[in-house]
Amino acid sequence: MESQNRPNQSAGESKVAEYVNRIRGGEDKDLILNDLPDSFKKGIEKGLEDPIDEVDRRDEMGIPPQYKGLDADTLKFIWTIPIYVDRDKNERLNRVRTEAIAHLKIAEAAANLQVESEKLDEDKLDKVRNDLGIEKPLTESIPQGEMEKRKKLHGWEAGYELARVAIKDGVDLAKMSREEYADFAIQNSLAIDDSQLRMAPAQRMATSIEDIVRVIKKGRAVIDKSADLVFAHFAENVQRIASGDNRIYREGIKVRQGTKNSNSWLFFGINKSIGENSGETFKSYVSVKDLNTLTPEKFTELMISLRDAGYNGDIKIFQDMSLQGTALNDQIVMHGASEDDAKLALRVAERFFGDDLDQKSFGKDEVIDGKNMSYSEILAMKILTAIKGV
């Protein structure tokens with residue numbers, strides 16, 4: 001999920017706009033307002049009264065960034081638009097919503113056709129499993145009818161079914177690493193995709209969109225509002241640095257210029273960072289158990305520890321704690337200048353966070369058939385290949 005900051009908004013104004021949108025989206029107003037400064041409460045009350053245009057940084061389909069990664073049915077359920085006095089505005093916003101959902105349905109249909117039209121032989125399937133270090137699924141333990149039913153599912157529906165299987169088997173998906181989660185999906189013939197691989201671990205046990213919404217709201221509710229606002233000011237300052245000529249953040253640490261054009265991540269380079277257009281990159285991921293502890297000071301200390309350990313590469317962190325940070329299991333991503341650098345970064349992060357470390361992972365972004373693909377996308381492709389033979 002991406003930040004909804006607009007070019008001329010301060011961090012405080014951006015947070016007010018976020019809270020207004022969350023209340024309009026169905027979150028409890030009293031819980032949102034609780035413990036906020038009076039200035040924020042007044043700003044939110046005014047925002048709820050004023051007609052606010054929904055011209056966000058939408059993607060190519062017209063979908064707002066906070067709904068990125070959802071399937072069409074989930075999007076239709078969760079995407080709500082306030083009713084304005086301006087009838088033309090209501091019609092325009094609802095038309096945008098309808099067209100965006102229709103475009104997404106078409107894209108999903110095309111993807112499903114591709115899934116069913118391309119086949120690989122058993123030798124290639126075995127190679128994929130060997131690459132992943134996964135044994136061939138014991139399909140005989142699952143009734144054939146059930147197996148075929150599962151193979152027709154993909155993405156969120158596959159994720160919901162995988163959660164049902166986990167609940168039945170007494171397995172806690174939230175405690176698995178990303179690779180273990182992918183392994184479990186393959187063993188149960190359920191083709192989750194990169195959206196499920198990157199989401200917060202707590203969401204893995206959701207069996208419906210209603211469960212997802214509850215988990216999202218629960219995750220946001222535990223974020224201390226003062227910590228959220230402090231991080232928003234930090235993100236705003238880093239983006240300001242990214243737009244200037246002097247992008248030095250600390251000795252040996254610089255703000256990457258790409259930060260100024262991003263509305264989701266803050267990018268930093270440490271020591272000898274990687275090139276701007278590096279296609280194949282080793283990377284490591286970490287997340288923490290309590291986001292409230294991931295203060296700007298804490299993150300800065302991590303970068304200093306990486307610098308002092310001799311790490312060469314990049315590091316990125318979310319821009320918005322309550323919206324984006326709670327939705328990811330890769331809250332901090334470290335792109336190493338080499339494989340050794342990425343492994344070093346993971347070791348440093350493990351020592352640095354200690355018992356507060358939650359998820360961790362190691363992978364590689366690659367260029368496949370001329371397309372830059374993230375580690376999560378590659379892992380999702382291998383899951384799909386192992387299960388459906390495409």
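Asp330 is buried in this predicted model, with a relative accessible area of 3%. Its side chain meets that of Arg178 in a salt bridge, with 3.9 Å from N to O. Asp330 sits in the loop between β5 (313-318) and β6 (332-336), whereas Arg178 belongs to helix α9 (residues 178-187), so the pair ties together parts that are 152 residues apart in sequence. Arg178 also counts as buried, at 1% relative accessibility. Asp330 and Arg178 are linked with Arg198 in a network of salt bridges.

The search of the whole structure finds eleven salt bridges. Glu161 and Arg164 are both in helix α8 (residues 156-169), three residues apart, about one turn of the helix. Their closest N and O atoms are 3.0 Å apart. Glu161 is buried, with a relative accessible area of 17%, while Arg164 is partly exposed at 39%.

Helix α14 (residues 339-353) holds both Lys343 and Glu339, which are four residues apart, about one turn of the helix. In this salt bridge the closest N and O atoms are 3.2 Å apart. Lys343 counts as partly exposed at 36% relative accessibility, and Glu339 is likewise partly exposed, at 32%.

| Salt bridge | N to O distance |
|---|---|
| Asp330 and Arg178 | 3.9 Å |
| Glu161 and Arg164 | 3.0 Å |
| Lys343 and Glu339 | 3.2 Å |

Key:
Residues numbered from 1 in each chain as written. Predicted model: local features only at pLDDT ≥ 70, side-chain atom pairs only at ≥ 80, totals over all residues. Heavy atoms only, no water. Salt bridge = Lys/Arg side-chain N within 4 Å of Asp/Glu carboxyl O. Helix = DSSP H or I, 4+ residues; strand = E, 2+ residues; numbered from the N terminus. Buried < 20%, exposed > 50% of the residue type's maximum accessible area, 1.4 Å probe, protein only.
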